[in-house]
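The report that follows takes up the packing of selected helices and strands. Please keep the sequence and the structure in view while reading.

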Amino acid sequence: MNLTFGKGWVAMLVLVSLSGTVIAANAQAQGKTSSAGENAPAFILPALPYAQDALEPHLSARTLSVHYGKHHQAYVDNLNKLAVGAKMTGQSLESIILQSAGKADQAGLFNNAAQVWNHTFFWKSMKPGGGGVPTGRLAEQINVSFGSFDAFKTAFSEAAMTQFGSGWAWLVKDGDMLKIVKTSNADTPLAHGQTALLACDVWEHAYYIDYQNRRKDFVQTFLDHLANWDFAASQME
Ligand code: MN3
């Protein structure tokens with residue numbers, strides 16, 4: 001009889017742990033601060049740096065509406081629920097990412113926190129009338145690190161194309177050198193001690209409405225018409 005009760009209780013715990021709200025209720029039952037108290041969810045969806053139709057015709061308002069308004073918002077909402085359960089409310093986004101990185105029991109928290117960070121960075125990595133060529137110290141560093149800007153573009157496209165499944169292509173500063181890295185799912189250069197300069201989201205939700213299966217066309221358009229080199233340069237400081 002006791003054994004049956006035990007199994008049922010474990011099953012119930014597994015089921016309820018799928019819901020962030022019930023995790024929050026658990027914490028409350030253990031005498032922790034209610035989510036409605038001083039530790040109320042702190043993260044909000046950052047404003048886009050341009051209007052939702054500002055990247056047309058290269059990325060449609062429909063894509064921005066779903067990608068920013070639905071996907072990015074969902075990561076923020078999930079993060080707020082999971083931060084309560086992990087007792088990490090009141091901490092910075094970066095702190096939560098660094099503390100949860102590589103911990104199997106905090107994968108959900110890491111994934112949602114990193115995706116909030118990655119998407120906020122991605123929107124800044126683009127601008128209306130973007131593309132073209134970087135200038136100044138960033139241009140010099142790209143030449144030193146990759147040989148030429150054309151060689152950089154080829155390598156960046158290759159990384160974006162060969163990221164199997166969902167993930168990201170990045171230009172990062174790693175020590176004194178610039179590097180192109182690709183990350184899977186929510187993984188982020190921030191968790192690897194690298195400074196992100198430019199990000200391209202290659203999850204299908206980033207391009208499927210406008211480009212269907214043609215990721216290569218999306219990445220080419222990102223480099224030729226959307227990349228915000230002023231933002232990338234500002235991240236080198
Ligand atoms: Mn995305």
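## Strand 3 and its pairing

In this predicted model, 6 of the 7 residues of strand 3 are buried, so strand 3 is largely enclosed by the rest of the structure. Strand 3 is joined to strand 1, residues 167-174, by 6 bridges, and the two strands run antiparallel. Within this pairing, Trp 170 stands opposite Ala 199 of strand 3.

## Helix 9 and its cover

Helix 9 spans residues 215-226, and its buried residues are Arg 215, Phe 218, Val 219, Thr 221, Phe 222 and Leu 223. What covers these buried residues includes strand 3 (195-201), together with helix 7 (149-162) and helix 8 (208-211).

The axes of helix 7 and helix 9 come within 10 Å and cross at roughly 140 degrees, and the crossing is right-handed. On the side of helix 7, Lys 153, Phe 156, Ser 157, Ala 160 and Met 161 take part, and they meet Arg 215, Lys 216, Val 219, Gln 220 and Leu 223 of helix 9. By class, the residues of this contact divide into 5 nonpolar, 2 polar and 3 charged.

## Helix 3 against helix 5

Helix 3 (residues 61-85) and helix 5 (residues 107-124) have axes that come within 8 Å and cross at roughly 140 degrees; the two helices are therefore oblique to each other. Helix 3 passes helix 5 in a left-handed crossing. The contact includes Tyr 68, His 72 and Tyr 75 of helix 3, and Asn 112, His 119 and Trp 123 are among the residues that helix 5 contributes. This contact has 10 nonpolar and 6 polar residues, with no charged residues.

Terms used
Residues numbered from 1 in each chain as written. Predicted model: local features only at pLDDT ≥ 70, side-chain atom pairs only at ≥ 80, totals over all residues. Buried ≥ 20, exposed ≤ 12 C-beta atoms within 10 Å, placed from the backbone. Helix = DSSP H or I, 4+ residues; strand = E, 2+ residues; numbered from the N terminus. Contact = placed C-beta atoms within 7 Å. Axes fitted to C-alpha atoms, helices over the stretch in contact; angles between N-to-C directions. Left-handed = near helix turned anticlockwise from the far one by under 90°. Nonpolar A, V, L, I, M, F, W, Y, C, P; charged D, E, K, R; others polar. Pairing = 2+ DSSP bridges. Parallel < 35°, antiparallel > 145°, perpendicular 65-115°, else oblique.
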